[in-house]
Each structure stands twice: as structure tokens, then as C-alpha cells.
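Here is a brief report on one protein model. Look over the sequence and structure first, then read on.

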Amino acid sequence: MPRVRALYDAEIRYVDRELERLWTRLAAWGVAERAILAVVSDHGDEFLERGAKGHHKTLYEEVTHVPMLLRAPGLVPSERVVATPVGL
């Protein structure tokens, strides 16, 4: 499982780099400060926390707790965590 986890982490790093490239390009075009960027995920993945792997049809936090990143004009940067459940 360590190899699968390493591949998953590599995918996350790839997306991070691509988002940085996108934001850099938007800045170069002079539109970054007017752009809204939203990044969401539809599910998480299990890595044998409870004996399963992948994104099976479970309701464990590993699958249901997903990130939502938002950057928009006038929005104060923070690492705010919204405690109440929300949906996509």
C-alpha cells in the first residue's frame, strides 16, 4: 500500500503545480485579481484505514471529508474550516 499512497500523493503534488501554473498565467494576463478559482473534490479515498482501499460506497470520513478551495476577489485569505456539513 505504500506505493499506492505515494502515487496518490504524487497526483496531489501534480494538481498543486498545475493550479500554480494556472494562477501564474492568469496573473500574467492581468486577470488574476478579477478571477474566481474554485477547486472541489467529489470524494476521498481509503488507504486500508478500515480494511478497504479506493473510494468505495462507504460513508467513512476518508471518503466523505473532501476539500473545497476558493479564491475570489475580496475574499480574505485564510485556512478557515467550515464545521457544518455542506454539499457540492
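## Terms and model

A pocket here is an open set of grid points where a 1.4 Å probe fits, with protein on both sides within 12 Å along at least five of seven lines; its lining residues have an atom within 4 Å of a point. The model is predicted.

## The largest pocket

The largest pocket holds about 2,000 Å³ of space. It is lined by 49 residues, and Val39, Pro67, Met68, Leu69 and Leu70 are the closest to its centre. Helix 1 supplies the largest share, ten residues.

What classes of residue make up the lining of the largest pocket? There are 27 nonpolar, 13 charged and nine polar residues.

## Helix 1 and the residue after it

Helix 1 covers residues 2-28, a run of 27 residues. At 1.5 Å a residue, the helix should span 39 Å. Its end C-alpha atoms are 39 Å apart, so the span agrees with expectation.

## Glycine 74

Glycine 74 sits in the segment that follows strand 4 (68-71). Is this residue buried or exposed? Glycine 74 has 78% relative accessibility, so it counts as exposed; the cut-off for exposed is over 50%.

Glycine 44 lies 30 residues from glycine 74 in sequence. In space, the two are 29 Å apart, C-alpha to C-alpha.

Notes
Residues numbered from 1 in each chain as written. Predicted model: local features only at pLDDT ≥ 70, side-chain atom pairs only at ≥ 80, totals over all residues. Heavy atoms only, no water. Helix = DSSP H or I, 4+ residues; strand = E, 2+ residues; numbered from the N terminus. Buried < 20%, exposed > 50% of the residue type's maximum accessible area, 1.4 Å probe, protein only. Expected span 1.5 Å × (residues − 1). 1 Å grid on protein atoms, 1.4 Å probe; cavity = no way out; pocket = protein on both sides within 12 Å on 5 of 7 lines; lining within 4 Å. Points joined across faces, edges and corners; volume = space filled by probe spheres on them. Nonpolar A, V, L, I, M, F, W, Y, C, P; charged D, E, K, R; others polar.
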